[in-house]
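Hi,

Here is the structure I promised to pass on. Have a look at it first, and then read on for what turned up.

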Amino acid sequence: MSKYFSHRVIRILSILGLFGALLVGSVATQAVTATKAYADGCYTWGRTLSEGASGEDVRQLQIRVAGYPAYGGHIAADGAFGPATKAAVQRFQSAYGLGADGIAGPATFSKIYALQDDDCTPIHFTYAELDDGCGGSGWDGGPLSAAATKANALQTMWQLEAMRHALGDQPLNITSGFRSIPCNNSVGGASSSQHLYGRAADLVGVHSLCTLAKQARYHGFGGIFGPGYPGHDDHTHVDIRTSNSWSAPNCGI
């Protein structure tokens with residue numbers, strides 16, 4: 001073998017080795033990218049959360065698992081990670097096929113990121129759906145500030161998202177959400193209606209009204225009114241009050 005040919009072989013082998021290194025590096029980069037938790041434009045968690053933790057990041061988590069308190073229960077969005085929050089996280093994890101350890105880490109946050117839009121609403125609901133039932137005039141005009149009303153609507157949507165998922169991810173249609181005081185008066189709503197606070201939604205959908213009323217009991221809805229309750233034979237009302245008042249006599253509730 002000539003000296004020139006030997007140098008050519010060595011050079012070719014060196015080039016092939018460089019390409020191999022680049023390929024391995026590219027694959028490794030793709031693997032890291034694939035497993036990295038994606039944070040959208042809404043909120044990013046910067047630490048793993050478990051029982052005993054506290055802070056705004058816990059409160060943000062509680063809003064998103066508020067629909068997983070078990071039958072008749074409620075999750076307080078108070079920023080304190082206690083036993084009820086742990087149990088809700090476990091139910092959320094089980095619902096989406098994650099390891100149900102009650103610890104909110106990268107896998108749990110990745111699922112939440114996949115479920116929320118950049119404005120923090122769950123992907124199957126929008127603020128527009130919960131807006132003023134008399135034409136969508138915004139979040140003012142009720143007993144609370146616009147910001148507080150909108151925050152209530154956000155938690156209502158996350159509880160609806162949990163209920164929707166439990167019902168096979170089939171659509172839930174909202175026929176009435178937040179109502180300003182003039183709007184509520186115009187439709188004959190009660191003076192203490194939860195619609196005034198952004199806490200309520202009137203529902204119809206592919207499921208029967210009784211199916212909606214029965215399922216809502218598992219997702220933190222304190223107010224449930226459906227068929228057989230006066231004025232509720234054409235929809236099921238749910239709201240996020242924290243004491244239970246349920247009546248749908250035609251559904252056995």
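Let's start with Phe221. Setting aside neighbours within four places in sequence, Phe221 is in contact (heavy atoms within 4.5 Å) with His74, Thr156, Gln159, Leu160, Met163, Ala216, Val238, Asp239, Ile240, Asn244 and Trp246.

Before the rest, some housekeeping. This is a predicted model, where local features need pLDDT of at least 70 and side-chain atom pairs count only at pLDDT 80 or more, while totals for chains, interfaces and linings use all residues. Residues are numbered from 1 along each chain as its sequence is written, and side-chain values use heavy atoms, with hydrogens and water left out.

Now the overall layout. The protein chain has eight helices and five strands (DSSP runs numbered from the N terminus: H or I of at least four residues for helices, E of at least two for strands). Read from the N terminus, the order is α-α-α-α-α-α-β-α-β-α-β-β-β. Of the 253 residues, 43% are buried (under 20% relative accessible area, with a 1.4 Å probe and protein chains only). Among contacts between residues at least 6 apart in sequence, 58% join residues at least 24 apart.

A cavity here is a set of points on a 1 Å grid over the protein atoms alone where a 1.4 Å probe fits but cannot get out, and lining residues have an atom within 4 Å of a point. The largest cavity holds about 40 Å³ of space, a volume filled by probe spheres set on points joined across faces, edges and corners. Around it sit Arg64, Tyr68, Phe92, Tyr96, Leu115, Trp158, Glu161 and Ala162. Helix 6 (residues 146-166) brings the largest share of that lining, three residues.

Cheers

How values were computed: On a 1 Å grid over the protein atoms alone, a cavity is a set of points where a 1.4 Å probe fits but cannot get out, and a pocket is an open set with protein on both sides within 12 Å along at least five of seven lines; lining residues have an atom within 4 Å of a point. Buried means under 20% relative accessible area, exposed over 50%, partly exposed in between (1.4 Å probe, protein chains only).
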